[in-house]
Structure formats: structure tokens, C-alpha cells
Amino acid sequence: MRTLTPIDVWEAPSVRRTITTVDEASNWLIYRWPEAHLNDPARQAATAACLAALDGSGEAEAARAAFVTAAETAHILAD
């Protein structure tokens with residue numbers, strides 16, 4: 001499991017979650033992403049980056065950066 005510098009996201013308006021692994025990030029992108037933002041190019045790029053990090057062809061920090069960008073786009077990144 002590849003660890004990440006923690007990323008806080010809003011699961012619900014008053015529920016904050018911390019993402020700490022590439023596996024958690026990819027699960028959020030695939031299963032928990034806000035429906036209104038499923039087709040965002042940033043989400044698609046983050047999903048690809050996370051899957052690459054999981055299979056060893058990409059870096060965890062690149063996956064983290066892409067996830068943060070996607071979370072900002074979807075307005076779920078917690079400050």
C-alpha cells in the first residue's frame with residue numbers, strides 16, 4: 001500500500017475524511033466521487049494516476065497531486 005501525505009476531503013457537508021493511501025484515493029475516485037463530477041477530466045486524470053501508482057508504473061506523489069486537483073474541481077477538498 002503506497003502512503004500519501006494526508007488529504008482531507010468532505011464526505012458530507014459536516015463529515016471530513018482523511019485520505020492517506022493511494023488505495024483510499026482510488027476507491028474515493030471510483031466509488032465515492034460526487035455524481036455531478038464523475039465526468040470531470042480532472043477525475044479521469046486522477047483515477048489514471050492512482051491506478052498507475054498502484055500498479056507500479058506511476059508515482060504516489062503524482063497520484064496525490066492529481067487527486068488534490070480533482071478534489072478541488074469537485075469542491076470536496078477540505079482546507
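How many residues lie between β1 and β2 in their hairpin? The two strands form a hairpin with two residues between them. Welcome to a quick tour of this predicted model, in which local features need pLDDT of at least 70, side-chain atom pairs count only at pLDDT 80 or more, and totals for chains, interfaces and linings use all residues. Residues are numbered from 1 along each chain as its sequence is written, and side-chain values use heavy atoms, with hydrogens and water left out.

**The hairpin**
- Strand β1 covers residues 3–12 and strand β2 covers residues 15–21; they run antiparallel and are joined by six bridges.
- Strands pair here if DSSP finds at least two bridges between them; helices (H or I, at least four residues) and strands (E, at least two) are DSSP runs, numbered from the N terminus.
- Opposite D8 you will find T18 in β2.

**The aromatic pair**
- The structure holds one aromatic pair.
- W33 and F67 form this pair edge-to-face, with 5.6 Å centre to centre and 75° between the planes.
- The pair links distant parts of the chain, 34 residues apart: W33 sits in the loop between α1 (22–32) and α2 (41–55), and F67 in helix α3.
- Rings of Phe, Tyr and Trp (its six-membered ring) pair if their centres lie within 6.5 Å; planes under 30 degrees apart count as stacked, over 60 as edge-to-face and the rest as tilted.
- Both W33 and F67 are buried (buried means under 20% relative accessible area, exposed over 50%, partly exposed in between, with a 1.4 Å probe and protein chains only).

**Arginines over tryptophans**
- R16 lies over the face of W10, at 5.2 Å from the ring centre.
- R32 lies over the face of W28, at 5.0 Å from the ring centre.
- A charge sits over a ring if NZ of Lys or CZ of Arg is within 6 Å of the ring centre and within 35 degrees of the ring normal.

**Surface and helix α3**
- I30, Y31, L51 and L54 form a nonpolar patch on the surface, with about 410 Å² of accessible area together.
- Helices α1 and α2 each supply at least two residues of that patch.
- L51 belongs to helix α2 and counts as partly exposed because its relative accessibility is 42%.
- E72 is in helix α3 (residues 60–73), and its 47% relative accessibility is why E72 counts as partly exposed.
- E72 and I19 are 53 residues apart in sequence and 14 Å apart in space, C-alpha to C-alpha.
- Patches are made of residues with over 30% relative accessible area and no salt bridge, joining like charges within 9 Å and nonpolar side chains (Val, Leu, Ile, Met, Phe, Trp, Tyr) within 5 Å.
- Accessible areas come from the Shrake-Rupley method with a 1.4 Å probe; for residues, only the protein chains shown count as cover.
- A salt bridge is a side-chain nitrogen of Lys or Arg within 4 Å of a carboxyl oxygen of Asp or Glu.
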